[in-house]
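I opened the model to look up its helices, its ring pairs and its core. My notes follow in the order I made them.

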Amino acid sequence: MNKFFVVIFAVFLSLSLVGCGGSSDDGGSGLSPQQQEYADVLYTFAAYINNQDTKVTDVMIDSGLIYNGNLDHKAFKDRLVNFLECAENVKFNVNDIGVTIVDDVEKIGLVSANVTYDYQYKGESFNKCENLELEVRKYSSNWAITKFHGSRSELAEFPPILTE
């Protein structure tokens, strides 16, 4: 009888370990290596935001950026710099990322994700969550964000407008 339970336990243990170990090239994201290249643009953008580095506007934002369908590069840049300079303890997280490659020859893709961002402003804490869609494009060796808006034609709230 004890051997029966030992065998059952061994089978159960081996089955429970089937999902462990191994690795995948996509880090478990479900993205192909090609898609991951596009997704990394948003992850890099998030790193700049988390470091509150205003250089992000020069490094990653295309000079012809379309923001929420109609605002230009300068308006977005001013709004982003204002947020990064006024907010404190910014934590920008990317979740549930998806990528659609529009043109792999021209290196144009759509990156969608649920993002959460926490920050403090004038002693008050804020926690925001929204779905974003970005169009990204690779120029030579540099990636840029060419469109930035909310999902399903909603307006993006990020970056929030903070007043001094």
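Gln36, Tyr38, Ala39, Val41, Leu42, Phe45, Ala46, Tyr48 and Ile49 of H2 are buried. Buried is under 20% relative accessible area, exposed is over 50%, and partly exposed lies in between, with a 1.4 Å probe and protein chains only. Helices (H or I, at least four residues) and strands (E, at least two) are DSSP runs, numbered from the N terminus.

I noted the ground rules next. The model is predicted, so local features need pLDDT of at least 70 and side-chain atom pairs count only at pLDDT 80 or more, while totals for chains, interfaces and linings use all residues. Residues are numbered from 1 along each chain as its sequence is written, and side-chain values use heavy atoms, with hydrogens and water left out.

**Helix H2**

I checked the length of H2. H2 has 18 residues and spans 25 Å from its first C-alpha to its last, close to the expected 26 Å. The expected span is 1.5 Å times one less than the number of residues. I then looked for a bend. H2 has a kink of about 30 degrees centred on Ala39. The bend at a residue is the angle between axes fitted to the seven residues ending there and the seven starting there. Just after H2, Gln52 has a positive phi of about 50 degrees.

**Ring pairs**

How many aromatic pairs does the structure hold? I found 15. Rings of Phe, Tyr and Trp (its six-membered ring) pair if their centres lie within 6.5 Å; planes under 30 degrees apart count as stacked, over 60 as edge-to-face and the rest as tilted.

I looked up Tyr38 and Trp143. Their ring centres are 4.9 Å apart and their planes are at 70 degrees, so this pair is edge-to-face.

Phe45 sits in H2 and Phe92 in strand E2 (residues 88-103), so the pair ties together parts 47 residues apart in sequence. Phe45 and Phe92 are both buried. Ring pairs also link them into a cluster, whose members include Tyr67, Phe76, Phe148 and Phe158.

**The core**

Which residues have the most contacts inside the largest nonpolar core? I listed Phe45, Ile49, Phe92, Ile145, Phe148 and Phe158, in a core of 40 residues. A nonpolar core is a set of buried Ala, Val, Leu, Ile, Met, Phe, Trp, Tyr and Cys residues joined through side-chain atoms within 4.5 Å. H2, strand E1 (61-67), helix H4 (73-86), E2, strand E3 (108-121), strand E4 (124-139) and E5 each supply at least two of its residues. H2 gives the largest share, eight residues.

Beyond its neighbours within four places in sequence, Ile49 is in contact (heavy atoms within 4.5 Å) with Val56, Leu80, Leu84, Val90, Phe92 and Phe158.

**Strands**

I turned to strand pairing, where two strands pair if DSSP finds at least two bridges between them. E1 and E5 pair in the parallel sense over three bridges. In this pairing I checked Ile66, which stands opposite Lys147 in E5. E4 and E5 run antiparallel and are joined by eight bridges. Tyr139 stands opposite Asn142 in E5. E4 and E5 form a hairpin with two residues between them. Ser140, in the turn, has a positive phi of about 55 degrees. Ser140 is exposed, with a relative accessible area of 74%.

I looked at Lys128 in E4. Lys128 is partly exposed, at 29% relative accessible area. Beyond its neighbours within four places in sequence, Lys128 is in contact with Val115, Thr116, Tyr117, Asp118 and Tyr119. Lys128 and Phe158 are 30 residues apart in sequence and 8.9 Å apart in space, C-alpha to C-alpha.

I found a cis peptide bond between Phe158 and Pro159, with omega about -5 degrees. Pro159 is in the segment after E5. Asp96, in strand E2, has a positive phi near 50 degrees. Asp96 is exposed, at 69% relative accessible area.
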